[in-house]
Amino acid sequence: MNTSDVVAMLAKNWDMTQAEARKLLDVITQTFNENIATGNSFSIPELGTFGTTTRKKRKSYNPHYEQYMKLPPKRVVDFNPSKGLKEDLKQVDIDDE
């Protein structure tokens, strides 16, 4: 699913034009990004909680140069799914290939 699909689905489900749906999606993603950038966490019911965590500095092996390198601390986005989402995913059948 890409952005155009999401916009089309929003427009259909909320009975609005695709231009209005695109603006709505832009406002939502901008709000999420601003909250994440400032370090605030937020929850979306039936989906989960978004927040940030800080990875500690660590050593990593670079196979190209065949040596270890030090990676600095880094802030990353963290997502914890809700219980409802976890239960929904357990119900989905997985086709074995």
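Is Glu-46 buried or exposed? At 62% relative accessibility, Glu-46 counts as exposed, where buried means under 20% relative accessible area, exposed over 50% and partly exposed in between, with a 1.4 Å probe and protein chains only. The structure is a predicted model, in which local features need pLDDT of at least 70 and side-chain atom pairs count only at pLDDT 80 or more, while totals for chains, interfaces and linings use all residues. Residues are numbered from 1 along each chain as its sequence is written, and side-chain values use heavy atoms, with hydrogens and water left out.

## The sheet and the helix on it

An open sheet of three strands runs in the order β1-β2-β5 with antiparallel pairing; here strands (E, at least two residues) and helices (H or I, at least four residues) are DSSP runs numbered from the N terminus, and two strands pair if DSSP finds at least two bridges between them. Because β1 (42-44) and β5 (74-81) stand at the edges with a single partner strand each, one side of each is left without a neighbour in the sheet. Neighbouring strands of this sheet are turned by 30° against each other on average, direction ignored. Helix α2 (residues 18-37) packs on the sheet and touches β1, β2 and β5, and its direction makes about 145° with that of β1; such angles run from 0 to 180 degrees between N-to-C directions, with axes fitted to C-alpha atoms, for helices over the stretch in contact, and contact means heavy atoms within 4.5 Å.

| Strand pair | Bridges | Residues facing each other |
|---|---|---|
| β1 and β2 | three | Ser-43 and Thr-49 |
| β2 and β5 | eight | Thr-53 and Val-76 |
| β3 and β4 | five | Tyr-61 and Tyr-68 |

Gly-51 lies in strand β2 and, at 8% relative accessibility, counts as buried. Leaving aside its neighbours within four places in sequence, Gly-51 is in contact with Ile-36, Asn-40, Ser-41, Val-76, Val-77 and Asp-78. The C-alpha atoms of Gly-51 and Gly-39, which are twelve residues apart along the chain, are separated by 6.8 Å.

Most residues other than glycine have a negative phi. Glu-46, although it is not a glycine, has a positive phi of about 70°, and its place is in the loop between β1 and β2, strands that form a hairpin with three residues between them. The hairpin of β3 and β4 has four residues between the strands, and Glu-66 counts as exposed at 62% relative accessibility.

## The largest pocket

Which residues line the largest pocket? The lining is made up of Val-6, Leu-10, Leu-25, Ile-28, Thr-29, Phe-32, Ile-44, Glu-46 and Leu-47, where a pocket is an open set of points on a 1 Å grid over the protein atoms alone at which a 1.4 Å probe fits, with protein on both sides within 12 Å along at least five of seven lines, and lining residues have an atom within 4 Å of a point. About 180 Å³ of space lies in the largest pocket, a volume being the space filled by probe spheres set on the points, which are joined across faces, edges and corners.

Helices α1 (3-13) and α2 each supply at least two residues of this lining, and α2 gives the most, with four residues. By class, the lining has seven nonpolar, one polar and one charged residues, with Ala, Val, Leu, Ile, Met, Phe, Trp, Tyr, Cys and Pro counted as nonpolar, Asp, Glu, Lys and Arg as charged, and the others, Gly among them, as polar.

Two of the lining residues, Glu-46 and Leu-47, are also, together with Gly-48, in contact with Ser-82 when the neighbours of Ser-82 within four places in sequence are left aside. Ser-82 is found in the loop between β5 and α3 (83-91) and, at 18% relative accessibility, counts as buried.
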